[in-house]
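Subject: Model for your files

Hello,

The model is below, with notes on what turned up in it. Please keep the two together.

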Amino acid sequence: MSNDLPTDASRGATTIIGVPFDRNSSYMRGTAMAPPRIREALLGPVSNVWTETGISLLQDGVFCDAGDLDLESAEDPFGAIEEAVGDALDKGLVPVCLGGDHSITYPIIKAFRERYERLSLLQIDAHPDLYDEFDGNRMSHACPFARIMEEGLVDRLVQVGIRAMTGHQSEQAAKFGVEVIEMKDHSDTLGLSFDSPVYISCDLDGLDPAFAPGVSHPEPGGLSTRQVLSLIQTLQGQLVGADIVELNPARDPSGITAIVAAKILKELIAKSRQA
Ligand code: MN
Ligand code: MN
């Protein structure tokens, strides 16, 4: 069966935007190669196009693909990301960005904040990414949530899967009022509820490396694929956008992490259709 992607924006409520950008990675590059791998897993013969909640991705109005941003030659990559996400929002679409490293969430959320008076952010991650700076880089993938919070770009930040907290980031979390649910305290009945529009930022290293080994910073003791899907499916609130970041194909020879990313993407698309 051929899985031809709808590309006409008017047909899609959710639009995927590839963000091949890994220049703010602190340790190893490679996440810029991820977007095509996730698309391949989403629409290839390995699975089918139905979500667990009974929606076909190929049904009219479910989803479209804006392709990958050309950031190679961009003078201001963050500006280009913010503009592309803003354009999608202005068309009434729900943008889901495929990274790239986690630094891209900062310009994405800037675009959302210009258009949403109230906004909550759910971050799935092994790491809080709240460093004031990392290796001298304030735009590092270890810093985006410090930038987001100090600029007041969201009203509420909830972090789940955290298991690599540091003293400095713990102080930052307290300073910014971040709700950190550390992995050691995780419960399958968290029942997260948001009374303002919510954005989900999913760093694939939030999952245990047994499920998602293809990341630059694997951290044992994390969430299962089912726990992440269940967080998405049981979340109370209006999902208005999401990103899936930090897949590193160079560390994912079997392609299993791309398949996990595609599975999460499918259920995010399904969730964004619920009011
Ligand atoms: Mn991480
Ligand atoms: Mn991260």
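Which residues form one aromatic cluster? They are Phe21, Phe78 and Tyr106.

Some conventions before the rest. This is a predicted model, in which local features need pLDDT of at least 70 and side-chain atom pairs count only at pLDDT 80 or more, while totals for chains, interfaces and linings use all residues. Residues are numbered from 1 along each chain as its sequence is written, chains are lettered from A and ligands numbered from 1 in the order in which they are written, and side-chain values use heavy atoms, with hydrogens and water left out.

Aromatic pairs

The structure holds 5 aromatic pairs (rings of Phe, Tyr and Trp, the last by its six-membered ring, with centres within 6.5 Å; stacked if the planes are under 30 degrees apart, edge-to-face if over 60, tilted for the rest). Phenylalanine 112 and tyrosine 116 make a stacked pair, because their ring centres are 5.9 Å apart and their planes stand at 20°. The rings of phenylalanine 112 and tyrosine 199 have centres 5.1 Å apart and planes at 70°, so this pair is edge-to-face. Phenylalanine 112 belongs to helix α3 (residues 105-115) and tyrosine 199 to strand β7 (residues 198-203), so the pair ties together parts 87 residues apart in sequence. Helices (H or I, at least four residues) and strands (E, at least two) are DSSP runs, numbered from the N terminus.

As for burial (buried is under 20% relative accessible area, exposed over 50%, partly exposed in between; 1.4 Å probe, protein chains only), phenylalanine 112 is buried at 0%, and tyrosine 199 is buried at 0%. Tyrosine 116, at 23%, counts as partly exposed.

One exposed residue

Valine 46 sits in the loop between α1 (34-43) and β2 (61-68). With 54% relative accessibility, valine 46 counts as exposed.

Regards
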